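Me: I'm new to this one. Can you walk me through it? Keep it short.

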Amino acid sequence: MLRPKVYQLALIVMIGFFGIQSYGYAQCPGACPPDHQVGAGSPVIIPMLLPQPSGPPCATTVKVYYCVPKPYLAHQEQYHITCVEIGPGCPNTQLSGQIMSAIGRALVTNNPEGFPCPPCGSGNAQYSVKWYSCEKKIGTNPTYFVPCPGEQGICGDSYAVCCDPQTGAMNVIPIGSGSS
């Protein structure tokens with residue numbers, strides 16, 4: 001009679017494992033906007049210090065899912081964030097424009113798509129990062145932020161980017177932000 005209980009326990013563990021895996025997959029990534037495709041480097045994992053509603057900031061990793069314009073579009077140096085996953089330990093994080101700007105700047109600095117970066121002094125490339133104006137929070141530990149259902153606006157930041165000719169370090173300068 002011990003065998004059925006062992007099989008039941010194994011079945012419960014397997015269901016729990018696959019349930020957790022499918023939950024994470026179901027939350028991210030969000031759908032790409034028209035004329036965009038999933039970025040080759042998506043998702044990108046970025047270590048961050050996130051402000052909390054009360055108490056000290058929280059150190060965690062942020063997994064950023066994004067899309068890029070399809071190759072036939074003129075302005076290629078663009079990231080469109082479709083989902084943000086806040087790692088464990090920061091369940092009280094609230095996604096704000098300030099946090100999305102910090103995530104966007106980190107995404108540009110990481111440059112997972114390998115967009116061109118001209119040498120500083122010879123001109124700058126212009127990169128942009130966009131995200132949906134409404135993000136819905138789902139779950140905690142990890143916490144997912146996905147686009148709200150229905151029509152909504154787009155927010156974003158633009159950057160002038162160049163690379164130090166000696167070190168190759170990327171210089172990212174904010175040049176504007178806006179919403180539509």
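**A first walk through the chain**

Reply: Start with the surface. The chain exposes about 10100 Å². Carbon and sulfur atoms supply 61% of that area. Keep in mind that this is a predicted model.

Me: How many of the residues in the chain are buried, as a percentage?
Reply: Buried residues make up 38% of the 180 residues.

Me: And how many helices and strands are there?
Reply: The chain has two helices and nine strands. In sequence order the pattern is α-β-β-β-β-α-β-β-β-β-β.

Me: What share of the contacts comes from residues 24 or more positions apart?
Reply: Such residues account for 62%, counting the contacts with a separation of 6 or more.

Me: OK, the inside. Which residues touch the most other members of the largest nonpolar core?
Reply: Val62, Tyr79, Ile81, Val84, Ile103 and Val108 do. That core holds 30 residues. At least two residues each come from β2 (44–50), β3 (58–69), β4 (78–86), α2 (97–110), β5 (125–132) and β8 (154–163).

Me: Which of those gives the most?
Reply: α2 does, with six residues.

Me: What is Ile103 in contact with?
Reply: Setting aside neighbours within four places in sequence, Ile103 is in contact with Ile46, Met48, Val62, Val64, Ile81, Val84 and Leu95.

Me: How does the span of α2 compare with what its 14 residues should give?
Reply: It agrees. At 1.5 Å a residue, α2 should span 20 Å, and its end C-alpha atoms are 20 Å apart.

Me: What happens just after α2?
Reply: Asn111 takes a positive phi of about 45° there.

Me: New topic: aromatics. How many aromatic pairs are there?
Reply: A search of the whole structure finds three. Tyr79 and Phe115 make one of them, and this pair is tilted. The centres are 5.0 Å apart, with 50° between the planes.

Me: Why does that pair tie together separate parts of the chain?
Reply: Tyr79 is in strand β4, while Phe115 is in the loop between α2 and β5, so the pair ties together parts 36 residues apart in sequence.

Me: Are those two buried or exposed?
Reply: Tyr79 is buried, at a relative accessible area of 0%. Phe115 counts as buried too, at 12% relative accessibility.

Me: Why is the pair of Phe115 and Tyr127 edge-to-face?
Reply: The planes of Phe115 and Tyr127 are at 85°, so the pair is edge-to-face. Their ring centres lie 5.7 Å apart. Tyr127 is in strand β5, 12 residues from Phe115.

Me: Which residues form the aromatic cluster?
Reply: Tyr66, Tyr79, Phe115 and Tyr127 form one cluster.

Me: Now disulfides. How many?
Reply: A search of the whole structure finds five. One of them joins Cys32 to Cys67, with 1.9 Å from S to S. The torsion about that S-S bond is about -80°, so this disulfide is left-handed.

Me: Where do Cys32 and Cys67 sit?
Reply: Cys32 is in the loop between α1 (2–27) and β1 (36–38), and Cys67 is in strand β3. They are 35 residues apart. Cys32 is partly exposed, with 25% relative accessible area. Cys67 counts as buried at 1%.

Me: What about Cys58 and Cys90?
Reply: They form a disulfide, with sulfur atoms 1.7 Å apart. The link is left-handed, at -95° about the S-S bond. Cys58 sits in strand β3 and Cys90 in the loop between β4 and α2, 32 residues apart. Both are buried.

Me: And how far apart are the sulfur atoms of Cys134 and Cys148?
Reply: They are 1.8 Å apart, in a disulfide. The torsion is about -65°, so the link of Cys134 and Cys148 is left-handed. Cys134 counts as partly exposed at 31% relative accessibility, whereas Cys148 is buried at 15%.

Conventions. Residues are numbered from 1 along each chain as its sequence is written. This is a predicted model: local features need pLDDT of at least 70, side-chain atom pairs count only at pLDDT 80 or more; totals for chains, interfaces and linings use all residues. Side-chain values use heavy atoms; hydrogens and water are left out. A nonpolar core is a set of buried Ala, Val, Leu, Ile, Met, Phe, Trp, Tyr and Cys residues joined through side-chain atoms within 4.5 Å. Buried means under 20% relative accessible area, exposed over 50%, partly exposed in between (1.4 Å probe, protein chains only). Helices (H or I, at least four residues) and strands (E, at least two) are DSSP runs, numbered from the N terminus. Contact means heavy atoms within 4.5 Å. Rings of Phe, Tyr and Trp (its six-membered ring) pair if their centres lie within 6.5 Å; planes under 30 degrees apart count as stacked, over 60 as edge-to-face and the rest as tilted. The expected span of a helix is 1.5 Å times one less than its number of residues. Accessible areas come from the Shrake-Rupley method with a 1.4 Å probe; for residues, only the protein chains shown count as cover. A disulfide is a pair of cysteine sulfur atoms within 2.5 Å.
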